[in-house]
Every structure is written in C-alpha cells, then in structure tokens.
Amino acid sequence: MIAALGLLVGVVLGLLLQPDVPVGLEPYLPIAVVAALDAVFGALRAYLDGIFDDKVFVISFVSNVVIAAGIVYVGDRLGVGGQLSTGVIVVLGIRIFSNVAAIRRHLFHA
Amino acid sequence: MPEHAPEQEPEQEPEPVAGPTAGPPDPASGRARLRHALLAPTQRQVVVALLLALLGFAVVTQVRDNQVDDSYAGLRQQDLIDVLSGLSGARQRAEAERTRLERLRDDLQSDTSRRQAALQQAETEADALAILGGLVPVTGSGVRIVISEETGRVRLGSLLDVVQELRTVGAEAIAVNGEVRVVAQTSFEEVEGGFLIDGEVLEPPYVIDVIGEPALLSEAISFIDGPARAIRRDGGEVTVEELSSLDIEAVREPVTPEFAEEVPGE
C-alpha cells in the first residue's frame, strides 16, 4: 500500500512541479525510465514468487538505471548512441514482457 | 542490469524466510501475498515507495517533456544529421515537383496563347470574309457615285464597267441605291425602266456607294476614256463625291454552297 502511494505521490509531484529536463540528461532520461520500469516489474515478480528483498530491489533499481544510462552515454561517446539506446530499449522490453508474463501467471493463473 | 532474474533466485531463496514481507502464511500463493502487502504494509515498503515515487516523477517528467519539447536541443549529432538529410531530401523532392509543375504551366500557357492566336486569326479572317461576302453592314471612307439619265439610257455595259473599274482599284464594299450589296455572285440584267440587280429592279438615278481609298476610286471612274465618259456618251451624267465616312447598310443573305466543296487539306 505504501509502495502504491509512493508511486501516486511521485506522479502528482511531477504533474505539480513540471520540471524541465536538463539538456544534458535528455537522451538518458527515457532509457533510465524504462530501466527502472524493468526493475519494478522484476521486483513485483520476485515478490509474488516470495523471494523479494528490498535491499536487492534498491540495488537493482539503481544499478539498472545507472547501467542503462551509462551504456547510452558510452554509445554517445562512441558515436553509436542512437543504435545502443535502441538496443537497450529492446533488451529491457523483452525482460519486461517476460516479467509481466510471470506476474500474470501468479495473479490470474494463466 | 541483473535483476530478479532466474539466476538470482537461489541466492535469494533463504532471505524471504527471514521475513521481508511480514511472514506470508501461504508462500505458494502470490495473490495472497500481494493482498497481504496491500492490506498490512510494513515499514520496509517505505524505501520501495521512495523509489516508485522517483519512477513516477521521472515518467511524468519525461512524458511531459516529450510532448512539450519540439526543439532540437538535446538531440544527438547523428539524430541532427538524420533530420538534416531528411529535410534536404524533402527539399529536393519539392524542387523537382516545382520544376515539373512550372514546365506544365509553361506548356499550358504557350498552348493557350497559341490557341488564342489561332482564334484571333480565325476571327479576323471571318470578319474579312463577312465584309467581302456582304454579310455585315460596313462603314469607312469611300465615294458616292451618282449616275443619272439625262438624254438617253445608260447601257448595261457602262454600268458593269463602273463596277469593274471600282473592283480593279480595290473597292471593299459596293452598294447600289442603298438596297443591293454588290458581291462576287451579284448578277446584272437590263429590264424595262432600269436594271435588275440580284432580283431587285433599280431605277435611275443610280447611287453607288463604295468603300475604299477615295482618291483611287474617284480616279477609277473619271480617268480619260473611263466609264464616266462611256456613260456620258450613253446620255447620262456622273458625279463622284469623295467621302471620309460612308455607311453601307445593305447586306446580303449568306448562301450555302450547294455544289462547291472545300478541298480537304488546303
């Protein structure tokens, strides 16, 4: 419940504050968001599996975001930022799909 | 990247036993665990809530930024190059299209002007033919010739001489007594009391209105041994009056040729 409230609070804060994304961060924020989504779905799956650990969640959340943004950053330096961010999105998307499939099996037994 | 993926499961297995979620009684049912977490939250959820708040904040920010931002700031160099080349391609296509349309327009314009020129020429020709055929009333400079009979009767030959001389010097329209327009098909016949011209009986004095160059026309009548002299010999009198403006109202019904046909291709 507290977790759901936290999500709600974050959304409301974002709507109220309407912050501007710094230009330097603009290419990385979408990737970071997708990576964080992946971490959240993974956590939900682990929770349903009964193996959730908040420490693991925090670390995986942060490292997911940092690594995803880092890969894109390195890609930008190497001149393949666009392609690498596409690749990261694809990989994260696949993981999100498989996690959601597991969650679905838990919740709906289907 | 490593997450709650299958390879992590073994090392995490012992931890839930330590009780991260307040000891779920039924570890087999994920649904029950979720319900339990929603209904009886523990303090451990606070850190999760914090991260989820961060995620929600970031998602909203990114979505809004994506909707608002239509400038090119923050784009990668490669993206900018792609945008640029896309624009130049679009411009080239637009220019090619413009060239094509301009050529089409020029074609149409020259076509139109050609057609207009042809139309104008045809109209001019039609006007000239209408005047020559005596189909329309005409006006212009010319002479008025009055032939009266004083002591004798004017012969048909003398009258034809007059018409012939007028035609020779380029008379463009001729009318007799304001009633009969003299054209190529006009016939002359001598009858009792006058002449039968195109089915009309005309009596003296004969007034011949002619449109053309006045000096030439009057010269054509009155030159030495010309038609004027022949008429005087017949016993008639001729007066020629040069006019700067003369109207000929008499017209002729158009005739459709019955036997003559146009030679095709001429």
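A residue is called buried here if 20 or more other C-beta atoms lie within 10 Å of its own, exposed if 12 or fewer do, and partly exposed in between, with the C-beta atoms placed from the backbone. What we are looking at is a predicted model, in which local features need pLDDT of at least 70 and side-chain atom pairs count only at pLDDT 80 or more, while totals for chains, interfaces and linings use all residues. Residues are numbered from 1 along each chain as its sequence is written, and chains are lettered from A, with ligands numbered from 1, in the order in which they are written.

Let me start with two backbone details. Most residues other than glycine have a negative phi. B:Asp198, which is not a glycine, has a positive phi of about 55°, and it sits in the loop between strand E5 (194-197) and strand E6 (200-202) of chain B, where helices and strands are DSSP runs numbered from the N terminus, helices being H or I of at least four residues and strands E of at least two. B:Asp198 counts as partly exposed because it has 18 C-beta neighbours inside 10 Å. In chain A, Gln18 also has a positive phi, near 45°, and A:Gln18 is placed in the loop between helix H1 (2-17) and helix H2 (29-49) of that chain. Having 12 C-beta neighbours inside 10 Å, A:Gln18 counts as exposed.

Turning to the sheet in chain B, five strands form an open sheet in the order E3-E2-E7-E1-E8, with antiparallel pairing, and two strands are said to pair if DSSP finds at least two bridges between them. Strand E3 (180-182) and strand E8 (236-248) stand at the edges with a single partner strand each, so one side of each is left without a neighbour in the sheet. Within this sheet, strand E1 (residues 138-149) and strand E7 (residues 206-211) of chain B pair over six bridges in the antiparallel sense, and B:Ile145 stands opposite B:Ile208 in E7(B).

Finally, the contact between the chains takes 45 residues from chain B and 51 residues from chain A, where two residues are in contact if their C-beta atoms, placed from the backbone, lie within 7 Å. Several helices of chain B give two or more residues to the side that touches chain A, among them helix H3 (30-39) and helix H5 (77-132), but the largest share, 20 residues, comes from H4(B).
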